[in-house]
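User: I am new to this structure and would like to learn how to read its features. Please give the general idea each time, then the case at hand.

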Amino acid sequence: MSHDRYILSIESSCDETACALVTRDGRVLVNAIASQIDLHARYGGVVPEEASRRHIEACLPMVQETLARTKNGWADIEAIAVTRGPGLIGCLLVGVETAKALAWGYGKPLIGVHHLQGHLHAPFLCPDPRADGTIPTHLLIENGSERPALPPCAAALKPPADVVIAQPDFPHVGLIVSGGHTSLVAVESPGRCKTLASTRDDAAGEAYDKVARLLGIGFPGGPIIDKRATLGRVERFRFTPPMKRRDERDFSFSGLKSQVSRKVEELRSAGELDEATINDLCAGFQATVIESLLEKSIEAARDYDVRDLLIVGGVAANRGLRAAAARMAPNLRIWFPNFSLCTDNAAMIGGLAWHVAPLSPREAIELDAKANLPIEFQNVKDVS
Ligand code: KG4
Ligand code: ZN
(Lines give C-alpha, C1' and ligand atoms only; values in the text may rest on other atoms or scores of the structure.)
(Ligands and ions follow the chains in the order given, each with its own letter.)
Protein backbone atom coordinates (compact mmCIF):
# COMPACT_ATOMS: atom_id res chain seq x y z
CA MET A 1 0.00 0.00 0.00
CA SER A 2 1.29 3.41 -0.85
CA HIS A 3 0.60 6.98 0.28
CA ASP A 4 1.02 8.41 -3.21
CA ARG A 5 -1.58 10.43 -5.04
CA TYR A 6 -2.82 9.13 -8.36
CA ILE A 7 -4.68 9.99 -11.47
CA LEU A 8 -7.32 7.34 -12.06
CA SER A 9 -7.64 6.80 -15.81
CA ILE A 10 -10.14 5.03 -18.05
CA GLU A 11 -9.56 3.82 -21.62
CA SER A 12 -12.31 2.32 -23.79
CA SER A 13 -11.56 3.50 -27.33
CA CYS A 14 -11.59 0.08 -29.00
CA ASP A 15 -11.81 -3.47 -27.66
CA GLU A 16 -10.04 -3.17 -24.33
CA THR A 17 -11.69 -1.82 -21.19
CA ALA A 18 -8.87 -0.46 -19.07
CA CYS A 19 -8.38 1.41 -15.81
CA ALA A 20 -5.12 2.52 -14.18
CA LEU A 21 -3.54 4.42 -11.31
CA VAL A 22 -0.44 6.50 -12.13
CA THR A 23 1.60 8.87 -9.95
CA ARG A 24 2.73 12.34 -11.06
CA ASP A 25 6.25 11.09 -11.76
CA GLY A 26 5.02 8.19 -13.91
CA ARG A 27 4.92 5.15 -11.64
CA VAL A 28 2.06 2.78 -12.47
CA LEU A 29 0.40 1.19 -9.44
CA VAL A 30 -2.40 -0.57 -11.35
CA ASN A 31 -2.77 -1.27 -15.07
CA ALA A 32 -5.98 -3.28 -15.31
CA ILE A 33 -7.09 -4.46 -18.75
CA ALA A 34 -10.17 -6.49 -19.70
CA SER A 35 -9.61 -7.77 -23.20
CA GLN A 36 -12.55 -8.55 -25.49
CA ILE A 37 -10.57 -10.82 -27.80
CA ASP A 38 -12.87 -13.80 -27.07
CA LEU A 39 -15.87 -11.72 -28.15
CA HIS A 40 -14.47 -10.54 -31.48
CA ALA A 41 -12.31 -13.54 -32.47
CA ARG A 42 -15.19 -15.35 -34.17
CA TYR A 43 -15.78 -12.37 -36.46
CA GLY A 44 -12.06 -11.85 -37.22
CA GLY A 45 -12.35 -8.18 -36.25
CA VAL A 46 -13.84 -5.79 -33.69
CA VAL A 47 -17.65 -5.47 -33.84
CA PRO A 48 -18.25 -1.92 -32.52
CA GLU A 49 -21.75 -2.45 -31.08
CA GLU A 50 -20.70 -5.60 -29.20
CA ALA A 51 -17.58 -3.83 -27.96
CA SER A 52 -19.57 -0.90 -26.51
CA ARG A 53 -21.91 -3.24 -24.66
CA ARG A 54 -19.00 -5.14 -23.13
CA HIS A 55 -17.41 -1.83 -22.04
CA ILE A 56 -20.63 -0.91 -20.23
CA GLU A 57 -20.52 -4.17 -18.27
CA ALA A 58 -16.81 -4.02 -17.49
CA CYS A 59 -16.13 -0.36 -16.78
CA LEU A 60 -17.54 0.37 -13.30
CA PRO A 61 -16.54 -2.92 -11.65
CA MET A 62 -13.04 -2.33 -12.99
CA VAL A 63 -12.91 1.19 -11.52
CA GLN A 64 -13.99 -0.24 -8.16
CA GLU A 65 -11.34 -2.97 -8.23
CA THR A 66 -8.67 -0.47 -9.23
CA LEU A 67 -9.62 1.95 -6.49
CA ALA A 68 -9.48 -0.85 -3.94
CA ARG A 69 -5.70 -0.95 -4.49
CA THR A 70 -5.25 2.54 -2.98
CA LYS A 71 -4.87 3.16 0.74
CA ASN A 72 -7.63 5.73 1.14
CA GLY A 73 -9.91 5.22 -1.87
CA TRP A 74 -11.12 8.40 -3.57
CA ALA A 75 -9.13 10.55 -1.12
CA ASP A 76 -5.94 9.39 -2.89
CA ILE A 77 -7.23 10.39 -6.32
CA GLU A 78 -6.03 13.74 -7.65
CA ALA A 79 -8.09 13.67 -10.85
CA ILE A 80 -9.90 11.39 -13.29
CA ALA A 81 -8.60 11.03 -16.85
CA VAL A 82 -10.31 9.51 -19.84
CA THR A 83 -9.58 8.87 -23.51
CA ARG A 84 -11.67 11.42 -25.44
CA GLY A 85 -10.68 10.17 -28.92
CA PRO A 86 -9.87 9.01 -31.51
CA GLY A 87 -11.55 5.60 -31.56
CA LEU A 88 -14.89 3.84 -32.02
CA ILE A 89 -17.50 6.40 -31.00
CA GLY A 90 -19.82 4.07 -29.07
CA CYS A 91 -16.84 2.65 -27.18
CA LEU A 92 -15.33 6.05 -26.39
CA LEU A 93 -18.69 7.29 -25.10
CA VAL A 94 -18.82 4.59 -22.42
CA GLY A 95 -15.50 5.71 -20.93
CA VAL A 96 -16.22 9.42 -21.32
CA GLU A 97 -19.68 9.29 -19.73
CA THR A 98 -18.46 7.05 -16.89
CA ALA A 99 -15.56 9.40 -16.17
CA LYS A 100 -17.83 12.46 -16.29
CA ALA A 101 -20.24 10.90 -13.81
CA LEU A 102 -17.45 9.86 -11.43
CA ALA A 103 -15.75 13.27 -11.61
CA TRP A 104 -19.02 15.04 -10.89
CA GLY A 105 -20.11 12.60 -8.19
CA TYR A 106 -16.80 12.56 -6.29
CA GLY A 107 -15.86 16.20 -6.97
CA LYS A 108 -12.66 15.43 -8.92
CA PRO A 109 -11.14 17.38 -11.83
CA LEU A 110 -11.69 15.69 -15.22
CA ILE A 111 -8.95 15.42 -17.86
CA GLY A 112 -9.58 14.42 -21.48
CA VAL A 113 -6.63 12.67 -23.14
CA HIS A 114 -5.80 11.97 -26.79
CA HIS A 115 -5.41 8.22 -27.30
CA LEU A 116 -2.42 8.38 -29.67
CA GLN A 117 -0.61 11.01 -27.62
CA GLY A 118 -1.13 8.52 -24.77
CA HIS A 119 0.58 5.72 -26.74
CA LEU A 120 3.59 8.02 -27.21
CA HIS A 121 3.83 8.49 -23.45
CA ALA A 122 4.30 4.76 -22.69
CA PRO A 123 8.14 4.78 -22.57
CA PHE A 124 8.03 7.52 -19.90
CA LEU A 125 6.18 5.26 -17.47
CA CYS A 126 7.52 2.82 -14.93
CA PRO A 127 5.26 -0.25 -15.41
CA ASP A 128 3.47 -1.79 -12.44
CA PRO A 129 5.60 -4.35 -10.58
CA ARG A 130 4.80 -8.04 -11.10
CA ALA A 131 3.49 -10.20 -8.26
CA ASP A 132 7.08 -11.20 -7.39
CA GLY A 133 8.07 -7.51 -7.06
CA THR A 134 10.16 -7.30 -10.25
CA ILE A 135 9.50 -4.42 -12.62
CA PRO A 136 8.90 -5.08 -16.32
CA THR A 137 11.22 -2.94 -18.46
CA HIS A 138 11.11 -1.08 -21.76
CA LEU A 139 13.50 -1.93 -24.59
CA LEU A 140 16.20 0.51 -25.65
CA ILE A 141 18.20 -0.19 -28.80
CA GLU A 142 21.40 1.78 -29.04
CA ASN A 143 24.18 1.08 -31.54
CA GLY A 144 22.62 -2.27 -32.30
CA SER A 145 22.59 -3.51 -28.71
CA GLU A 146 19.39 -4.19 -26.84
CA ARG A 147 19.12 -3.02 -23.25
CA PRO A 148 16.32 -3.04 -20.67
CA ALA A 149 15.41 0.53 -19.70
CA LEU A 150 13.26 2.36 -17.17
CA PRO A 151 12.61 6.09 -16.70
CA PRO A 152 14.13 8.08 -13.78
CA CYS A 153 11.03 7.61 -11.59
CA ALA A 154 12.00 3.92 -11.34
CA ALA A 155 15.38 4.64 -9.74
CA ALA A 156 13.95 4.68 -6.20
CA LEU A 157 12.59 1.16 -6.79
CA LYS A 158 16.19 -0.08 -7.17
CA PRO A 159 15.97 -2.02 -10.47
CA PRO A 160 18.71 -4.55 -11.32
CA ALA A 161 22.09 -3.10 -12.35
CA ASP A 162 21.74 -3.97 -16.06
CA VAL A 163 18.65 -1.72 -16.40
CA VAL A 164 19.48 1.65 -17.99
CA ILE A 165 17.77 4.51 -16.17
CA ALA A 166 16.89 6.83 -19.04
CA GLN A 167 14.04 8.21 -21.08
CA PRO A 168 13.74 9.74 -24.55
CA ASP A 169 14.70 13.39 -25.09
CA PHE A 170 12.37 15.99 -26.55
CA PRO A 171 11.93 16.62 -29.41
CA HIS A 172 11.79 13.10 -30.79
CA VAL A 173 10.07 11.20 -33.57
CA GLY A 174 7.35 8.68 -32.79
CA LEU A 175 6.04 5.86 -34.95
CA ILE A 176 2.49 5.06 -33.84
CA VAL A 177 1.63 1.71 -35.25
CA SER A 178 -1.60 0.05 -34.16
CA GLY A 179 -4.82 -1.49 -35.42
CA GLY A 180 -6.36 1.85 -36.29
CA HIS A 181 -3.34 4.06 -36.99
CA THR A 182 0.04 4.13 -38.63
CA SER A 183 1.75 7.49 -38.54
CA LEU A 184 5.03 9.20 -37.93
CA VAL A 185 4.90 12.25 -35.70
CA ALA A 186 7.32 14.83 -34.40
CA VAL A 187 6.86 15.26 -30.64
CA GLU A 188 7.96 18.61 -29.19
CA SER A 189 6.91 17.91 -25.60
CA PRO A 190 4.34 15.59 -23.95
CA GLY A 191 1.12 15.97 -25.95
CA ARG A 192 2.48 18.42 -28.56
CA CYS A 193 2.71 16.56 -31.84
CA LYS A 194 2.84 17.21 -35.57
CA THR A 195 2.16 14.56 -38.21
CA LEU A 196 5.07 13.86 -40.54
CA ALA A 197 3.56 10.94 -42.46
CA SER A 198 0.64 8.55 -42.20
CA THR A 199 -0.93 5.61 -43.97
CA ARG A 200 -2.84 6.28 -47.15
CA ASP A 201 -5.13 3.30 -46.58
CA ASP A 202 -4.93 0.46 -44.02
CA ALA A 203 -3.06 0.71 -40.73
CA ALA A 204 -0.28 -1.84 -40.25
CA GLY A 205 -2.17 -3.68 -37.47
CA GLU A 206 -5.27 -3.73 -39.66
CA ALA A 207 -3.21 -5.36 -42.43
CA TYR A 208 -1.99 -7.98 -39.92
CA ASP A 209 -5.57 -8.68 -38.85
CA LYS A 210 -6.86 -8.90 -42.45
CA VAL A 211 -4.03 -11.16 -43.62
CA ALA A 212 -4.63 -13.45 -40.62
CA ARG A 213 -8.32 -13.56 -41.51
CA LEU A 214 -7.69 -14.52 -45.11
CA LEU A 215 -5.27 -17.22 -43.94
CA GLY A 216 -7.90 -18.35 -41.39
CA ILE A 217 -5.40 -18.38 -38.51
CA GLY A 218 -7.23 -16.30 -35.88
CA PHE A 219 -7.63 -12.86 -34.32
CA PRO A 220 -5.89 -10.54 -33.56
CA GLY A 221 -3.54 -11.27 -36.42
CA GLY A 222 -0.43 -9.46 -35.16
CA PRO A 223 0.78 -11.83 -32.43
CA ILE A 224 -0.23 -14.93 -34.44
CA ILE A 225 1.61 -13.86 -37.60
CA ASP A 226 4.58 -12.71 -35.50
CA LYS A 227 4.86 -16.20 -34.02
CA ARG A 228 4.30 -18.10 -37.27
CA ALA A 229 6.81 -15.86 -39.09
CA THR A 230 9.57 -17.23 -36.86
CA LEU A 231 8.74 -20.74 -38.16
CA GLY A 232 8.61 -19.75 -41.83
CA ARG A 233 11.14 -19.18 -44.61
CA VAL A 234 11.33 -15.49 -45.39
CA GLU A 235 12.86 -15.99 -48.85
CA ARG A 236 10.06 -18.18 -50.25
CA PHE A 237 7.55 -15.39 -50.93
CA ARG A 238 8.86 -11.96 -51.85
CA PHE A 239 6.30 -9.17 -51.76
CA THR A 240 6.89 -5.71 -53.20
CA PRO A 241 7.33 -3.17 -50.40
CA PRO A 242 4.76 -0.38 -50.60
CA MET A 243 5.71 3.30 -51.21
CA LYS A 244 9.35 2.41 -51.55
CA ARG A 245 10.67 5.61 -53.14
CA ARG A 246 12.59 7.91 -50.84
CA ASP A 247 10.30 10.88 -51.60
CA GLU A 248 7.24 8.79 -50.65
CA ARG A 249 7.03 9.41 -46.93
CA ASP A 250 3.59 7.95 -46.35
CA PHE A 251 2.78 4.33 -45.62
CA SER A 252 0.38 2.07 -47.50
CA PHE A 253 -0.56 -1.49 -46.60
CA SER A 254 -3.68 -2.38 -48.60
CA GLY A 255 -1.65 -3.15 -51.75
CA LEU A 256 0.54 -5.53 -49.77
CA LYS A 257 -2.55 -7.21 -48.33
CA SER A 258 -3.86 -7.67 -51.91
CA GLN A 259 -0.54 -9.20 -52.99
CA VAL A 260 -0.82 -11.71 -50.14
CA SER A 261 -4.48 -12.33 -50.94
CA ARG A 262 -3.72 -13.15 -54.60
CA LYS A 263 -0.94 -15.51 -53.55
CA VAL A 264 -3.23 -17.24 -51.03
CA GLU A 265 -5.93 -17.78 -53.68
CA GLU A 266 -3.36 -19.19 -56.09
CA LEU A 267 -1.95 -21.59 -53.48
CA ARG A 268 -5.41 -22.57 -52.23
CA SER A 269 -6.68 -23.51 -55.70
CA ALA A 270 -3.49 -25.50 -56.29
CA GLY A 271 -4.13 -27.31 -52.97
CA GLU A 272 -0.80 -26.08 -51.63
CA LEU A 273 -1.89 -23.97 -48.67
CA ASP A 274 -0.48 -26.24 -45.98
CA GLU A 275 0.73 -25.17 -42.52
CA ALA A 276 4.37 -24.74 -43.60
CA THR A 277 3.28 -22.59 -46.54
CA ILE A 278 1.16 -20.41 -44.23
CA ASN A 279 4.24 -19.90 -42.04
CA ASP A 280 6.28 -18.91 -45.12
CA LEU A 281 3.58 -16.43 -46.16
CA CYS A 282 3.58 -14.96 -42.63
CA ALA A 283 7.38 -14.58 -42.76
CA GLY A 284 7.30 -12.87 -46.17
CA PHE A 285 4.43 -10.54 -45.24
CA GLN A 286 5.95 -9.60 -41.88
CA ALA A 287 9.39 -8.90 -43.38
CA THR A 288 7.83 -6.51 -45.90
CA VAL A 289 5.82 -4.65 -43.24
CA ILE A 290 8.88 -4.33 -40.99
CA GLU A 291 11.09 -3.05 -43.80
CA SER A 292 8.57 -0.35 -44.68
CA LEU A 293 8.01 0.73 -41.05
CA LEU A 294 11.66 0.87 -40.07
CA GLU A 295 13.09 2.47 -43.21
CA LYS A 296 10.58 5.32 -43.18
CA SER A 297 10.87 5.88 -39.42
CA ILE A 298 14.67 5.97 -39.41
CA GLU A 299 14.62 8.34 -42.36
CA ALA A 300 12.12 10.62 -40.59
CA ALA A 301 14.23 10.70 -37.41
CA ARG A 302 17.28 11.67 -39.49
CA ASP A 303 15.41 14.32 -41.48
CA TYR A 304 14.00 15.77 -38.28
CA ASP A 305 17.46 15.63 -36.75
CA VAL A 306 16.64 13.92 -33.45
CA ARG A 307 18.44 11.10 -31.68
CA ASP A 308 15.38 9.33 -30.28
CA LEU A 309 12.82 7.26 -32.18
CA LEU A 310 9.85 5.84 -30.23
CA ILE A 311 7.90 2.91 -31.66
CA VAL A 312 4.55 2.58 -29.88
CA GLY A 313 1.08 1.02 -30.28
CA GLY A 314 -0.03 -2.59 -30.60
CA VAL A 315 2.32 -3.48 -33.48
CA ALA A 316 5.30 -2.26 -31.39
CA ALA A 317 4.88 -5.55 -29.51
CA ASN A 318 6.10 -7.34 -32.66
CA ARG A 319 9.23 -9.36 -31.88
CA GLY A 320 10.35 -9.41 -35.51
CA LEU A 321 10.17 -5.61 -35.60
CA ARG A 322 12.23 -5.32 -32.41
CA ALA A 323 14.87 -7.73 -33.69
CA ALA A 324 15.08 -5.97 -37.08
CA ALA A 325 15.50 -2.57 -35.37
CA ALA A 326 18.47 -3.97 -33.42
CA ARG A 327 20.01 -5.42 -36.62
CA MET A 328 19.70 -2.16 -38.54
CA ALA A 329 21.65 -0.33 -35.80
CA PRO A 330 21.21 3.19 -37.08
CA ASN A 331 22.83 6.03 -35.20
CA LEU A 332 19.70 6.51 -33.09
CA ARG A 333 18.22 5.42 -29.80
CA ILE A 334 15.10 3.35 -30.56
CA TRP A 335 12.60 2.81 -27.73
CA PHE A 336 9.91 0.12 -27.52
CA PRO A 337 7.55 0.20 -24.51
CA ASN A 338 7.17 -2.84 -22.30
CA PHE A 339 4.67 -5.27 -23.90
CA SER A 340 2.07 -4.41 -21.23
CA LEU A 341 2.10 -0.79 -22.44
CA CYS A 342 2.11 -1.43 -26.23
CA THR A 343 -1.47 -2.52 -26.80
CA ASP A 344 -4.28 -0.33 -25.48
CA ASN A 345 -4.08 0.43 -21.78
CA ALA A 346 -5.16 3.14 -19.36
CA ALA A 347 -1.74 3.70 -17.75
CA MET A 348 -0.55 5.65 -20.80
CA ILE A 349 -3.68 7.83 -20.54
CA GLY A 350 -3.16 8.50 -16.82
CA GLY A 351 0.56 9.19 -17.27
CA LEU A 352 0.03 11.77 -19.98
CA ALA A 353 -2.93 13.28 -18.09
CA TRP A 354 -0.51 14.76 -15.53
CA HIS A 355 0.70 17.02 -18.40
CA VAL A 356 -2.80 17.94 -19.61
CA ALA A 357 -4.86 20.86 -18.32
CA PRO A 358 -7.97 19.69 -16.36
CA LEU A 359 -11.31 20.75 -17.81
CA SER A 360 -13.29 23.47 -16.08
CA PRO A 361 -16.46 22.16 -14.34
CA ARG A 362 -18.53 23.45 -17.25
CA GLU A 363 -16.22 21.89 -19.87
CA ALA A 364 -16.26 18.64 -17.91
CA ILE A 365 -20.05 18.40 -18.11
CA GLU A 366 -19.90 19.14 -21.84
CA LEU A 367 -16.98 16.85 -22.72
CA ASP A 368 -17.82 14.82 -25.80
CA ALA A 369 -16.06 11.82 -27.35
CA LYS A 370 -14.54 12.37 -30.81
CA ALA A 371 -14.07 9.47 -33.22
CA ASN A 372 -11.60 11.53 -35.24
CA LEU A 373 -9.36 13.75 -33.17
CA PRO A 374 -6.20 14.94 -34.96
CA ILE A 375 -2.95 14.29 -33.14
CA GLU A 376 -2.24 18.02 -33.42
CA PHE A 377 -5.07 18.55 -30.89
CA GLN A 378 -3.57 20.29 -27.87
CA ASN A 379 -4.77 20.65 -24.32
CA VAL A 380 -1.45 20.31 -22.55
CA LYS A 381 -0.25 22.54 -19.73
CA ASP A 382 2.38 25.13 -20.62
CA VAL A 383 4.53 24.10 -17.71
CA SER A 384 4.39 20.42 -16.98
O1 KG4 B 1 -2.86 -0.26 -29.98
P2 KG4 B 1 -3.83 -1.38 -30.13
O3 KG4 B 1 -4.07 -2.27 -28.92
O4 KG4 B 1 -5.25 -0.87 -30.54
C5 KG4 B 1 -5.44 0.19 -31.43
O6 KG4 B 1 -5.41 1.36 -30.95
O7 KG4 B 1 -5.58 -0.14 -32.63
O8 KG4 B 1 -3.34 -2.26 -31.37
C9 KG4 B 1 -4.00 -3.44 -31.77
C10 KG4 B 1 -3.32 -3.96 -33.02
C11 KG4 B 1 -4.00 -5.14 -33.66
O12 KG4 B 1 -4.17 -4.87 -35.04
C13 KG4 B 1 -3.03 -6.30 -33.43
O14 KG4 B 1 -3.05 -7.26 -34.48
C15 KG4 B 1 -1.71 -5.57 -33.39
O16 KG4 B 1 -1.97 -4.36 -32.72
N17 KG4 B 1 -0.68 -6.33 -32.66
C18 KG4 B 1 0.44 -6.78 -33.25
C19 KG4 B 1 1.13 -7.54 -32.27
N20 KG4 B 1 0.40 -7.50 -31.11
C21 KG4 B 1 -0.71 -6.75 -31.38
N22 KG4 B 1 0.90 -6.64 -34.50
C23 KG4 B 1 2.07 -7.22 -34.82
N24 KG4 B 1 2.76 -7.98 -33.95
C25 KG4 B 1 2.35 -8.16 -32.66
N26 KG4 B 1 3.06 -8.91 -31.83
ZN1 ZN C 1 -4.29 2.21 -29.42
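Analyst: The largest cavity here is lined by Q117, L120, H121, F124, F170, H172, V187, S189, P190, G191, C193 and L352. As for the basis, this is a predicted model in which local features need pLDDT of at least 70 and side-chain atom pairs count only at pLDDT 80 or more, while totals for chains, interfaces and linings use all residues. Residues are numbered from 1 along each chain as its sequence is written, chains are lettered from A and ligands numbered from 1 in the order in which they are written, and side-chain values use heavy atoms, with hydrogens and water left out.

User: What volume does the largest cavity have?

Analyst: Grid points are joined across faces, edges and corners, and a volume is the space filled by probe spheres set on the points. For the largest cavity this comes to about 50 Å³. One cavity of 30 Å³ or more is found in a search of the whole structure.

User: Which element gives the most to the lining of the largest cavity, and how do its residues divide by class?

Analyst: Helices (H or I, at least four residues) and strands (E, at least two) are DSSP runs, numbered from the N terminus. α4 gives the most to this lining, with three residues; α4 and β10 (182–189) each supply at least two. For classes, Ala, Val, Leu, Ile, Met, Phe, Trp, Tyr, Cys and Pro count as nonpolar, Asp, Glu, Lys and Arg as charged, and the others, Gly among them, as polar. The cavity lining has seven nonpolar, five polar and no charged residues.

User: What takes the space of the largest pocket?

Analyst: A molecule sits in a cavity or pocket if more than half of its atoms lie within 2 Å of its grid points. Ligand 1 takes the space of the largest pocket. About 1,200 Å³ lies in that pocket. Of its 43 lining residues, D15, S178, G179, D209 and P220 are the closest to its centre. α5 supplies the largest share of the lining, six residues. By class, the pocket lining has 15 nonpolar, 18 polar and ten charged residues.

User: How many residues surround ligand 1?

Analyst: A residue is near a molecule if one of its heavy atoms lies within 4 Å of it. Ligand 1 is surrounded by 20 residues, the closest being G179, D209, G222, N318 and D344. α6 gives the most to this shell, with four residues. The shell has five nonpolar, eleven polar and four charged residues.

User: Where are the cis peptide bonds?

Analyst: One joins G85 and P86, with omega about -10°; P86 lies in the loop between β4 (77–85) and α3 (89–106). Another joins F219 and P220, also with omega about -10°, and P220 lies in the loop between α5 and α6.

Key. On a 1 Å grid over the protein atoms alone, a cavity is a set of points where a 1.4 Å probe fits but cannot get out, and a pocket is an open set with protein on both sides within 12 Å along at least five of seven lines; lining residues have an atom within 4 Å of a point.
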